[in-house]
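Good morning, everyone, and thank you for making time for this. I would like to walk you through one structure, slowly, and I ask you to keep the picture in view while I talk.

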Amino acid sequence: TVTGRLAANAAYNPGLLPLSAALAFARLQHPPGAPLRVRRCVLVERSAESGQRLATAALLAAIAPRVRLEHHEVGR
């Protein structure tokens, strides 16, 4: 299990997606050249007008097209 968090900066938007952070962390945990296999992707975020769902789904489709994004919103 690998987790990632949103890395955002008020001076620079957009930030690093949680999935991007998780992939970078996973790469650091595996030997060089070893394939990364995404088996499940869960995005949990606070309810807001702008979220990370669409961008995360697009990235996931590019790297693991058979994996479906599980999205959960929690209250503010």
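This is a predicted model: local features need pLDDT of at least 70, side-chain atom pairs count only at pLDDT 80 or more; totals for chains, interfaces and linings use all residues.

The chain holds 2 helices and 4 strands, and if you follow the elements from the N terminus on, they run β-β-α-β-α-β. Of the 76 residues in the chain, 21% are buried, while the accessible surface comes to about 6100 Å², with 53% of that area belonging to carbon and sulfur atoms. If we take the contacts between residues at least 6 apart in sequence, we find that 53% of them join residues at least 24 apart.

Now to the salt bridge, for which the count in this model is 1. The partners are Glu70 and Arg40, whose closest N and O atoms are 2.8 Å apart. Glu70 lies in strand 4, residues 69-74, whereas Arg40 sits in the loop between helix 1 and strand 3, so the pair ties together parts that are 30 residues apart in sequence.

Which residues form the nonpolar patch on the surface? They are Val2, Phe25 and Leu28, and together they have about 300 Å² of accessible area. Phe25 belongs to helix 1, which covers residues 18-29, and at 40% relative accessibility Phe25 counts as partly exposed, because that label applies between the cut-offs of 20% and 50%.

How values were computed. Residues are numbered from 1 along each chain as its sequence is written. Side-chain values use heavy atoms; hydrogens and water are left out. Patches are made of residues with over 30% relative accessible area and no salt bridge: like charges are joined within 9 Å, nonpolar side chains (Val, Leu, Ile, Met, Phe, Trp, Tyr) within 5 Å. Accessible areas come from the Shrake-Rupley method with a 1.4 Å probe; for residues, only the protein chains shown count as cover. A salt bridge is a side-chain nitrogen of Lys or Arg within 4 Å of a carboxyl oxygen of Asp or Glu. Buried means under 20% relative accessible area, exposed over 50%, partly exposed in between (1.4 Å probe, protein chains only). Contact means heavy atoms within 4.5 Å.
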